[in-house]
Amino acid sequence: RIVYVNGDYLPEEEAKISIFDRGFLMSDGVYEVTSVLNGKLIDFPGHATRLERSLGELDMASPVSMDELLAIHRELVSRNEIEEGLVYLQITRGAPGDRDFAFPDPSTTPSTIVLFTQNKPGLADSPAAKTGTKVISIEDIRWGRRDIKTVQLLYPSMGKMMAKKAGCDDAWMVEDGFVTEGTSNNAYIVKGGKIITRELSTDILHGITRAAVLRLAAEAQMEVEERNFTIDEAKQADEAFTTSASAFVMPVVEIDGVTLGNGTPGTVARRLREIYLEESL
Ligand code: PDD
């Protein structure tokens, strides 16, 4: 695989980052994941806009312009012959040459930028989308700025492992009884045909797929309500699903052992997945 590191395209074995990189030492960095379908980047402008916002909130600057970033994405997709897959991008506050809690001066410590592709043939035709996924609920103990897409992913990783241990696919995080989001996706329930998802705030990541799916739902005259919902309400819903750049629209058929509907992907989730992929393919 050819990867991109600070201006160079290199075979992955030759890519190197300093041990003092603040992404490594302090999780001081942000990232984006953009999907590729039919060799085409999906929603790149949305990801670029969110990246700029994440960087701004952390007082970081991008080492490359958004136009250059698009060119790097395209170059990697082409060099690695990605038809279906993902492009991962990470920007950290660089490597000041020592460990220090204070931010380094950006004029002497440039930020680090890394991109790589993940080849995922069959991503759009995932078997999990046909059977639906099972989730457990866990307490959301992450920090309070989940709208910034930082690389602090330890707790979501732990949540994923707790889910696997319980024989499930993922975890939905719950704060004060209300569902925030999945470990790496936004969460939705459907009741009486109405799509319900938490409103945007600093409590959740503002999903690019979420924005696209809510737009498509409105265009298809489906009813959407953006409000908090509890994990108990979710267990009584007709259906549930998640959205993310890596799994698009993914039906959820079980929450904490409670089966939703007849235990197969619901009509609203299936329809949204179909229209989302139709528009993207
Ligand atoms: N995760 N919420 C969280 C906590 C996420 O990590 C993600 C994405 C989303 C969905 O956002 P989007 O639709 O823009 O992908 C919501 C990516 C895919 C990841 O970490 O791999």
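The buried residues of helix α8 pack against α4 (127-131), β10 (186-191), β11 (194-197), α6 (208-219), β13 (239-244) and β14 (248-255). Contact here requires C-beta atoms, placed from the backbone, within 7 Å; helices (H or I, at least four residues) and strands (E, at least two) are DSSP runs numbered from the N terminus. This is a predicted model, in which local features need pLDDT of at least 70, side-chain atom pairs count only at pLDDT 80 or more, and totals for chains, interfaces and linings use all residues. Residues are numbered from 1 along each chain as its sequence is written.

Helix α8 (267-280) has 14 residues and reaches 20 Å from its first C-alpha to its last, close to the expected 20 Å at 1.5 Å a residue, the expectation being 1.5 Å times one less than the number of residues.

| Class in α8 | Residues |
|---|---|
| Buried | V268, A269, L272, R273, Y276 |
| Exposed, on the other side | E274, E278 |

Seen down the axis of α8, the buried residues fall within an arc of 130° and so line one face of the helix; the arc is taken over directions from the helix axis to the C-beta atoms.

The protein is divided into domain 1 (2-124) and domain 2 (127-280), with bounds from an automatic or database domain assignment. The contact between them takes 21 residues from domain 1 and 13 residues from domain 2. On the side of domain 1 that touches domain 2, β3 (29-37), α2 (44-57) and β5 (85-92) each give two or more residues, and the largest share, eight residues, comes from β3.

Key. Contact = placed C-beta atoms within 7 Å. Buried ≥ 20, exposed ≤ 12 C-beta atoms within 10 Å, placed from the backbone.
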